[in-house]
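Here is a short briefing for a first look at this structure. Start with the sequence and the model below, then read on by topic.

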Amino acid sequence: MRDAVTGPEAVTGPEAVAGERAGTGRTLVAGVGNVFQRDDAFGVEVVRLLAERPATPGVQIRDFGIRGVHLAYDLLDGCDLFVLVDAAARGAEPGTVSVLEVEQKRAPADDDALAVPIIDAHSLAPDDIFALLASLGGRPGRSLVVACEPADTGAGMGLSEPVQAALPHAVRAVEDILREHRTERKGD
């Protein structure tokens, strides 16, 4: 993955590079995280807020929680745009929202058994989800991660103050991504 845009009020822009398109017309916004590990619930909370807004045709907003394997299998159906929302420690200030472009991976060669990820169904990080998907032969179109720097991923419920304050920024970043994607599709 590489940064497209970072900062506390990150939005997408021309810096993001489009990946290959799957041509399905489907857009998936997936929130992942464990609600019992404080800030790890960030992705779940963002998609909950997005789901309360008016629906956009062709856009699915789904809470996958800790079901990363389920998400990878869902992505086998293909999509033109995939937005994964998750907490991700990247060394920034807690509450910093980043939009990351995911570089598409190819499936490992049949004789490369070590390239296939070892799966822990309850703790797949974004890179693990994309590696599993590639090993299954799936390739979504453009893939982005909207990530937030956590302050506390220890046991407990409820987001820390800086991560709670980042929710509106992440919602805006996802909405900007979706708006940009709609505009690009109209131009095609």
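A pocket, as used here, is an open set of grid points with protein on both sides within 12 Å along at least five of seven lines. Its volume is the space filled by probe spheres set on the points. The model is predicted.

**Overall fold**

- The protein chain has four helices and six strands.
- Along the sequence, these elements run in the pattern β-β-α-β-α-β-β-α-β-α.
- The protein chain holds 188 residues, and 46% of them are buried.
- Among contacts with a separation of 6 or more, 83% join residues 24 or more positions apart.

**The second largest pocket**

- The second largest pocket holds about 220 Å³ of space.
- By type, the lining residues of the second largest pocket are seven nonpolar, one polar and four charged.

**The nonpolar cores**

- In soluble globular proteins, nonpolar side chains tend to be buried together.
- The largest nonpolar core here has 26 residues.
- Within this core, Val29, Phe42, Val46, Val83, Val85, Val146 and Val174 touch the most other members.
- At least two residues of this core come from each of α1, β4 (81-87), β5 (97-101), β6 (142-148) and α4.
- Helix α4 supplies the largest share of this core, nine residues.
- What does Phe42 touch, leaving aside its neighbours within four places in sequence? Its contacts include Val85, Asp86, Ala87, Val146, Ala147 and Cys148. Leu159, Val163, Leu167 and Ala170 are also in contact with Phe42.
- A second, separate core has 16 residues, among them Leu75, Phe82, Ile129 and Val145.

**Salt bridges**

- How many salt bridges does a search of the whole structure find? There are nine.
- Arg48 and Glu52 form one of them, at 3.1 Å from N to O. Arg48 is partly exposed, with a relative accessible area of 39%. Glu52 is exposed, at 57%, because exposed means over 50% relative accessible area.
- The side chains of Arg62 and Asp74 also meet in a salt bridge, at 2.4 Å from N to O. This pair links distant parts of the chain: Arg62 lies in strand β3 and Asp74 in helix α2 (residues 68-75), 12 residues apart. Arg62 is partly exposed, with a relative accessible area of 27%. Asp74 has 11% relative accessibility, so Asp74 counts as buried, under the 20% cut-off.
- Another salt bridge joins the side chains of Arg179 and Asp176, at 2.4 Å from N to O. Both residues sit in helix α4, and they are about one helical turn apart because three residues separate their positions. Arg179 is partly exposed, with a relative accessible area of 42%, whereas Asp176 is buried, with 16%.
- Arg26, Arg62 and Asp74 belong to one network, joined by salt bridges that share partners.

Terms used:
Residues numbered from 1 in each chain as written. Predicted model: local features only at pLDDT ≥ 70, side-chain atom pairs only at ≥ 80, totals over all residues. Heavy atoms only, no water. 1 Å grid on protein atoms, 1.4 Å probe; cavity = no way out; pocket = protein on both sides within 12 Å on 5 of 7 lines; lining within 4 Å. Nonpolar A, V, L, I, M, F, W, Y, C, P; charged D, E, K, R; others polar. Core = buried A, V, L, I, M, F, W, Y, C linked by side-chain atoms within 4.5 Å. Buried < 20%, exposed > 50% of the residue type's maximum accessible area, 1.4 Å probe, protein only. Contact = heavy atoms within 4.5 Å. Salt bridge = Lys/Arg side-chain N within 4 Å of Asp/Glu carboxyl O.
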